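Reader: I have a chain open on my screen and would like to go through it with you, starting with the overall picture and then moving to single residues. Could you show it here?

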Amino acid sequence: MRPPGLLVDPETVHALADLLGADDLDVAAGAPLPPLWHWAALARWRPWASLGRDGHAEDGSLPTRPDLPRRMFAGGSLVVHRPLRIGSTVHVSRSVQDVKNTEGRSGPLRFVTVRDVVEDQDGIALEERQDIVYRPAPTGPTDATPREPASVLPAGPSGLDTSAQPWTFTGDAPLLMRFSALTRNTHRIHYDHPYATGVEGYEGLVVHGPLLAIVLAETVRRSGAAMHRVDHRGRSALIAGHRGELRTEAGPDSTRATLFEHDRLCAEITVHHHIQESP
């Protein structure tokens, strides 16, 4: 059975462009959607009853384990056969490609790889692989009583700063809230400071992995380079209020972009400038 059609929502695209300061982008109906922006443009709210204790929607179609309730976005790959058009209607189908159980520093892990295919009126436009990791519940406090935060969010500007050399990115609570709304993401680590620090044990609110990937992709898009495939990977959490430095290494066939906080790699992407095979 063919999945229902989804609108490449113009209002959401316009709001994401505003959030990223993408003043150069044509956001009119019919204009091409930049790679990875479909994470917002096609996002839909999940039923309230499906939300877990961490605020994240439980997906019954994925092979989860009751003992591994914490879900994290690890990375993936996107092949762009043809850009989606803003305001068009597309169809998305999902399948599970792989499931692996392994041991990490925090205990057992389950890696689930899913494949999404996005079709428009002319056929397959995007093919995407997403890697999702499931982890054990926190071993610390079980309530939402916050521990003393290690740092306080600064009151200064946040977002993507293209005037700096190299470019920098800082996420604060309002920016994270706006991105959560645009991507219909209710995971509490991005907006609930007592939960993020007191239950999950983070230093503060966590900047979304998809947001870091989109910000890195913006450094390549604004250079004018072709973007036919984007491989992205989250390496370690960037905490709201902490400044990340964006670095790029351009080659003839691909560009690698990275985000570092000091000497710690938080996220990386590789953008291929020529048509690639499906992920």
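Author: What follows is a conversation about this predicted model, from the whole chain down to particular residues.

Reader: How many helices and strands does the protein chain have?

Author: The protein chain has five helices and 11 strands, and along its principal axes the C-alpha trace spans about 50 × 50 × 35 Å.

Reader: What does the radius of gyration say about the chain?

Author: A compact globule of 279 residues would have a radius of gyration near 19 Å, and the protein chain has 18 Å, so the value agrees with that expectation.

Reader: What about the surface, and where do the charges sit on average?

Author: The accessible surface comes to about 13,600 Å², with 53% of that belonging to carbon and sulfur atoms. As for the charges, there are 29 positive and 35 negative ones, and their mean positions are 4 Å apart.

Reader: Let me turn to helix α1; which of its residues are buried?

Author: In helix α1, which covers residues 10–20, the buried residues are Thr-12, Val-13, Ala-15, Leu-16, Ala-17, Leu-19 and Leu-20. These buried residues pack against α2, β6 (159–161), α3 and α5 (209–221).

Reader: Staying with the loop between α3 and α4, what does the side chain of Arg-188 reach?

Author: Arg-188 is also found in that loop, between α3 (173–182) and α4 (193–198), and its side chain reaches the backbone oxygen of Arg-53 at 2.9 Å. Arg-188 and Asp-54 are 134 residues apart in sequence, yet their C-alpha atoms are 5.7 Å apart in space.

Reader: Now His-38; is that one buried or exposed, and what does it touch?

Author: His-38, which lies in helix α2 (residues 38–41), is buried, because its relative accessible area of 7% is under 20%. Not counting residues up to four places away in sequence, His-38 touches Leu-33, Ala-43, Leu-78, Leu-84, Leu-126 and Glu-128. The C-alpha atoms of His-38 and Leu-126 are separated by 9.6 Å, with the two residues 88 apart along the chain.

Reader: Last one: why does Thr-258 count as buried, and what is around it?

Author: Thr-258 counts as buried because its relative accessibility is 3%, and it lies in strand β10 (residues 254–261). Leaving aside neighbours within four places in sequence, Thr-258 is in contact with Leu-216, Glu-245, Leu-246, Arg-247, Leu-265, Ala-267 and Glu-268.

Conventions: Residues numbered from 1 in each chain as written. Predicted model: local features only at pLDDT ≥ 70, side-chain atom pairs only at ≥ 80, totals over all residues. Heavy atoms only, no water. Helix = DSSP H or I, 4+ residues; strand = E, 2+ residues; numbered from the N terminus. Rg over C-alpha atoms; globule rule 2.2 N^0.38 Å. Areas by Shrake-Rupley, 256 points an atom, 1.4 Å probe, with all protein chains shown as cover. Lys, Arg positive; Asp, Glu negative; His and termini not counted. Charge placed at Lys NZ, Arg CZ, Asp CG, Glu CD. Polar contact = N/O pair within 3.5 Å; in protein donor to acceptor, adjacent residues only side chain to side chain. Buried < 20%, exposed > 50% of the residue type's maximum accessible area, 1.4 Å probe, protein only. Contact = heavy atoms within 4.5 Å.
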